[in-house]
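Student: Could we go through this model together, one question at a time?
Tutor: Gladly, let's begin with the sequence and structure in view.

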Amino acid sequence: MPLALAGLAGCTSPVPARGAGDTVAFAPPSDSLIPSDAAGRSIRRGRALLAHTRDSLPTHVGAALQCVSCHPQDGRQAGAMPWVGVYARYPQYRSRSASMSLIEDRVNDCFQRSMNGTALDPASGEMRDIVAYLAFLSRGVPVGARVAGQGLVPLRVGRGDSAAGAALFQANCARCHGPGGAGTVAAPPLWGDSSFNIGAGMARARTAAAFIRRNMPLDRPGTLTDQQAADVAAYITSQPRPDFPGKEHDWPAGGAPPDVPYRLLSRPTAPPGN
Ligand code: HEC
Ligand code: HEC
């Protein structure tokens with residue numbers, strides 16, 4: 001469409017139009033661009049909170065996780081739900097809550113579900129610092145644009161086989177995450193009391209499979225096939241983890257993905273086995 005318009009206008013400029021809907025390159029800003037003033041100190045504090053979340057905000061974090069446990073390299077890893085450009089993607093309508101989410105709401109979703117904790121006061125200094133860092137990582141990204149490598153790359157496979165996944169887990173994951181998935185000094189937990197809760201995105205088999213396929217095993221990413229990633233994700237998401245009270249109110253207007261592992265008021269049929 002922009003090309004057709006450009007043609008009509010007789011314009012031969014090779015510079016592509018940029019704006020809402022376009023995909024821009026994945027280009028995290030270098031640290032040298034962090035100013036050395038009060039704004040820069042806020043950006044650095046925000047980054048530190050995301051990397052050392054549990055120690056810095058113990059009353060807001062129930063899991064033995066940091067934000068960067070799932071958003072590695074301080075949110076600067078393509079294909080691993082990076083925060084590059086995230087500030088330009090909000091406010092955003094989210095079907096899980098059927099409402100417009102501000103970036104602060106999205107951060108708090110991960111505090112309450114992925115970190116099995118409690119929300120930060122959106123007006124607190126900590127939230128301001130976190131948002132300052134997310135905005136820094138989004139420098140130069142047009143509002144509403146897609147960034148290459150954002151989110152996760154979904155896999156085109158069917159349901160995983162959790163029995164096959166159990167064997168794959170012991171062979172490929174247990175040496176870091178522990179044979180019982182409870183985590184070790186080398187890696188955070190994948191299930192159990194210290195893990196993310198059932199309401200977290202990572203508790204959904206498809207989301208976990210997509211993350212694992214590209215990012216795990218940490219020292220040999222990309223070595224599992226799509227089916228193997230689905231199998232190991234089926235196994236992990238079938239294990240016990242903390243509850244998320246009120247989860248049945250998710251997707252109040254419908255539209256829940258098929259791998260949501262709990263009953264919803266908007267979809268009262270039993271969830272499929274993983
Ligand atoms: C257990 C894994 C996990 C942890 C820990 C985690 N997140 Fe997330 N986060 C996710 C998943 C899954 C998504 C959804 C990604 C998707 O759907 O593409 C997400 C999405 C996000 C997004 C939106 C990204 C986008 O592109 O729109 C932000 C912002 C975010 N997380 C911030 C945080 C913060 C801040 C913390 C710590 C308080 C945190 N996350 C901890 C798994 C996690
Ligand atoms: C060499 C050690 C290592 C191996 C092997 C490994 N991981 Fe990880 N994993 C990590 C570390 C460390 C993190 C935290 C993120 C980071 O530091 O980059 C992590 C994070 C994760 C996360 C998100 C955070 C959480 O704990 O929920 C998942 C899910 C995960 N790994 C799954 C797997 C699966 C499945 C396998 C096997 C296919 C695997 N990992 C193999 C080290 C490892």
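Student: At the start of α2, which backbone nitrogen does a side-chain oxygen of D37 reach?
Tutor: A word on the basis first: this is a predicted model, where local features need pLDDT of at least 70, side-chain atom pairs count only at pLDDT 80 or more, and totals for chains, interfaces and linings use all residues. Residues are numbered from 1 along each chain as its sequence is written, chains are lettered from A and ligands numbered from 1 in the order in which they are written, and side-chain values use heavy atoms, with hydrogens and water left out. A polar contact is a pair of N or O atoms within 3.5 Å; within protein, one must be able to donate a hydrogen and the other to accept it, and residues adjacent in sequence count only if both atoms are side-chain atoms. At the start of α2, the D37 oxygen comes to within 3.2 Å of the backbone nitrogen of A39.

Student: How far apart are the end C-alpha atoms of helix α2?
Tutor: Helices here are DSSP runs (H or I, at least four residues), numbered from the N terminus. The expected span is 1.5 Å times one less than the number of residues. For the 14 residues of α2 (residues 38-51) that gives 20 Å, and the end C-alpha atoms agree with it, at 20 Å.

Student: Which helices do the buried residues of α2 pack against?
Tutor: Buried means under 20% relative accessible area, exposed over 50%, and partly exposed in between (1.4 Å probe, protein chains only). The buried residues of α2 include G40, I43, G46 and L50. With contact taken as heavy atoms within 4.5 Å, the buried residues of α2 pack against α3, α4 and α6 (125-137).

Student: Which residues does D129 touch?
Tutor: D129 sits in helix α6. D129 counts as buried because its relative accessible area is 8%. Leaving aside neighbours within four places in sequence, D129 is in contact with S42, R45, G46 and L49.

Student: Which residues coordinate the iron atom of ligand 1?
Tutor: Donors are N, O and S atoms within 2.8 Å of the metal (3.2 Å for Na, K and Ca); water is not among the atoms, so sites may look incomplete. The iron atom of ligand 1 is coordinated at 2.1 to 2.3 Å by NE2 of H71 and SG of C110.

Student: Where do these two residues lie in the chain, H71 and C110?
Tutor: H71 is buried, because its relative accessible area is 12%, whereas C110 is partly exposed at 21%. The pair links distant parts of the chain, 39 residues apart. H71 lies in the loop between α3 (53-56) and α4 (72-75), and C110 in helix α5 (residues 103-114).

Student: Which residues do ring pairs link into a cluster?
Tutor: Rings of Phe, Tyr and Trp (its six-membered ring) pair if their centres lie within 6.5 Å; planes under 30 degrees apart count as stacked, over 60 as edge-to-face and the rest as tilted. F169 and Y235 are a tilted pair, with 5.8 Å between centres and 50° between planes. W191 and Y235 have centres 5.5 Å apart and planes at 85°, so they are edge-to-face. Together the ring pairs link F169, W191 and Y235.

Student: Which backbone oxygen does the side chain of N197 reach?
Tutor: N197 lies in the loop between α8 and α9, and N197 is buried because its relative accessible area is 0%. Its side chain reaches, at 3.0 Å, the backbone oxygen of Q112.
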